[in-house]
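Reader: I would like to look around the ligand site and a couple of residues in this model. Could you take me through it one question at a time?

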Amino acid sequence: MTQGRFISLEGGEGTGKSTQARAVAAALEKIGYKVLLTREPGGTSGAETIRELLLTGAEEKWDIRTEALLFAAARAEHCAKLIRPALARGEWVICDRFIDSSRAYQSVDGQLSDSEIMDLHRIGSENLMPDRTFILDLPEAVASRRADARDRGDSDRIGGRDSEYHRAVMTNFRRFAADDPERIRLVDASQSVKAITGNLVQNLDGLMS
Ligand code: TMP
């Protein structure tokens, strides 16, 4: 049996990742692939428990290194119990956020270096990397309007950080796409939902057998 394919969707708050993750999963199922749709942090019961720890409570609840370790621990659990077994069964895995979120968020202001974050990923998840990653890109004003409308003043611990933080996150994501264009594709998320999904599916070139 052939190994499955691993796709991650990334981007800032309010860029429409979750909607697109569902739409791409449905498009792949329609053409006959078996698909596992999942998210980070989360995906397994243990990782969802860690999600709750990470995203609730006061900003100062966790030191940045603890925060990075908790994301890595949730990911380790998710890879071992859900993602690797699905790939081994030949399924497509569509994941709403993965390692590039840790690289983009936990590195802001030089908090952790990219190599430190990748070291945690090597230890926790044996360096599992997506075959393709889409970064949904929206102008800052549009993304923050959408995130505000969704959260209605009740953002989670990380989503609620200031606009400077979120601007730095998006700059990081754009840099990753420029540095690794083979794996990471930047997608204009200001088009219609349908047009974006079409664009994403088209960008799975070379991965469908
Ligand atoms: P979500 O609600 O968009 O799924 O994401 C949860 C929050 O966690 C979001 O603000 C991004 C943040 N996050 C990190 O900071 N590092 C990570 O590794 C992941 C997966 C998410």
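**Around the ligand**

Author: Happy to. A polar side-chain atom of Glu13 is found 2.8 Å from an oxygen atom of the ligand. Please keep in mind that this is a predicted model.

Reader: How much of the ligand's accessible area does the protein cover?

Author: Taken on its own, the ligand has 480 Å² of accessible area. The share of this that the protein covers is 94%.

Reader: Where does the ligand sit, and which element gives the most to the shell around it?

Author: The ligand's place is the largest pocket. Two or more residues of the shell come from each of helix H2 (45-55), helix H3 (64-88) and helix H4 (99-105). With 3 residues, the one that gives the most is H4.

Reader: How many residues of the shell are charged?

Author: There are 15 residues around the ligand, and those that come nearest are Glu13, Arg75, Arg97, Ser102 and Gln106. Sorted by class, the shell holds 5 nonpolar and 4 polar residues, and the number of charged ones is 6.

Reader: Now to Glu67: is it buried or exposed?

Author: Glu67 is part of helix H3. Its relative accessibility is 1%. The cut-off for a buried residue is under 20%, so at 1% Glu67 counts as buried.

Reader: Which side chains make polar contacts with the side chain of Glu67?

Author: One partner is Gln106, whose side chain is joined to that of Glu67 by a polar contact of 2.7 Å. Gln106 is also among the residues that come nearest to the ligand. A further polar contact, again 2.7 Å, links the side chain of Glu67 to that of Arg161.

Reader: How far apart in space are Phe173 and Asp137?

Author: In sequence, Phe173 and Asp137 are 36 residues apart. In space, taken from C-alpha to C-alpha, their separation is 8.9 Å.

Note on methods. Residues are numbered from 1 along each chain as its sequence is written. This is a predicted model: local features need pLDDT of at least 70, side-chain atom pairs count only at pLDDT 80 or more; totals for chains, interfaces and linings use all residues. Side-chain values use heavy atoms; hydrogens and water are left out. A residue is near a molecule or strand if one of its heavy atoms lies within 4 Å of it. A polar contact is a pair of N or O atoms within 3.5 Å; within protein, one must be able to donate a hydrogen and the other to accept it, and residues adjacent in sequence count only if both atoms are side-chain atoms. Accessible areas come from the Shrake-Rupley method with a 1.4 Å probe; for residues, only the protein chains shown count as cover. On a 1 Å grid over the protein atoms alone, a cavity is a set of points where a 1.4 Å probe fits but cannot get out, and a pocket is an open set with protein on both sides within 12 Å along at least five of seven lines; lining residues have an atom within 4 Å of a point. A molecule sits in a cavity or pocket if more than half of its atoms lie within 2 Å of its grid points. Helices (H or I, at least four residues) and strands (E, at least two) are DSSP runs, numbered from the N terminus. Ala, Val, Leu, Ile, Met, Phe, Trp, Tyr, Cys and Pro count as nonpolar, Asp, Glu, Lys and Arg as charged, and the others, Gly among them, as polar. Buried means under 20% relative accessible area, exposed over 50%, partly exposed in between (1.4 Å probe, protein chains only).
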